[in-house]
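Here are my reading notes for you, as numbered points. Please keep the coordinates open beside them as you go.

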Amino acid sequence: MTSDENANANTDSLGDCPHCETMLSRRHVLVEYETAAGQKHYAECPQCQDVVRPQPE
Ligand SMILES: [Zn+2]
């Protein structure tokens, strides 16, 4: 294994829904914003049909 960050095809994944663990990707994003800690997202979970903050693994 290498540490090549492009080795994983899941580059669209933002993390999982904190409620149902559905994987959220860029197409679910409603809002992107910057914080001191980096870029954050709000996404609409297709399972919960609610706006959530994806939880990175
Ligand atoms: Zn969900």
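**Notes on the fold**

1. Strand 3 and strand 4 pair in the antiparallel sense, over six bridges. Strands here are DSSP runs of E with at least two residues, helices are runs of H or I with at least four residues, and both are numbered from the N terminus. Two strands count as paired if DSSP finds at least two bridges between them. The hairpin that joins strand 3 to strand 4 passes through two residues.

2. A word on the origin of these values. This is a predicted model, so local features need pLDDT of at least 70 and side-chain atom pairs count only at pLDDT 80 or more, while totals for chains, interfaces and linings use all residues. Residues are numbered from 1 along each chain as its sequence is written.

3. Now the overall layout. The protein has zero helices and five strands, and its elements run β-β-β-β-β from the N terminus on. An open sheet of three strands has the order 3-4-5, with antiparallel pairing. Its edge strands, each pairing on one side only, are strand 3 (29-35) and strand 5 (50-52). Neighbouring strands of this sheet are turned by 20° against each other on average, direction ignored; the axes behind that angle are lines fitted to C-alpha atoms (for helices over the stretch in contact), and angles run from 0 to 180 degrees between N-to-C directions.

4. The other side of strand 4 deserves a look too. Strand 4 (residues 38-45) and strand 5 run antiparallel and are joined by three bridges. Ala 43 stands opposite Val 52 in strand 5. Four residues lie between strand 4 and strand 5 in their hairpin, and Gln 49 is in the turn.

5. How much of the protein is buried? Of its 57 residues, 14% count as buried. A residue is called buried if 20 or more other C-beta atoms lie within 10 Å of its own, exposed if 12 or fewer do, and partly exposed in between, with C-beta atoms placed from the backbone. Strand 3 is hardly covered, since the count of buried residues among its seven residues is zero.

6. The largest nonpolar core has six residues: Leu 14, Cys 17, Leu 24, Ala 43, Cys 45 and Val 52. Such a core is a set of buried Ala, Val, Leu, Ile, Met, Phe, Trp, Tyr and Cys residues joined through C-beta atoms within 7 Å. Beyond its neighbours within four places in sequence, Leu 14 is in contact with residues including Leu 24, Val 29, His 41, Ala 43 and Pro 54. Contact here has its own cut-off: the C-beta atoms of the two residues, placed from the backbone, lie within 7 Å.

7. Pro 54 sits in the segment after strand 5. Is Pro 54 buried or exposed? Pro 54 is buried, because 21 other C-beta atoms lie within 10 Å. Not counting residues up to four places away in sequence, Pro 54 touches Leu 14, Gly 15, Asp 16, Cys 17, Leu 24, His 41 and Ala 43. Pro 54 and His 19 are 35 residues apart in sequence and 9.7 Å apart in space, C-alpha to C-alpha.

8. Asp 16, found in strand 1, counts as partly exposed because it has 17 C-beta neighbours inside 10 Å. Leaving out residues up to four places away in sequence, Asp 16 touches Glu 21, Thr 22, Met 23, Leu 24, Pro 54 and Gln 55.

9. Most residues other than glycine have a negative phi. Glu 21, although not a glycine, has a positive phi of about 65°; its place is in the loop between strand 1 (13-16) and strand 2 (23-25). Glu 21 is exposed, with 12 other C-beta atoms within 10 Å. Gln 49 is not a glycine either and has a positive phi of about 55°, in the loop between strand 4 and strand 5. Gln 49 counts as exposed because it has 7 C-beta neighbours inside 10 Å.
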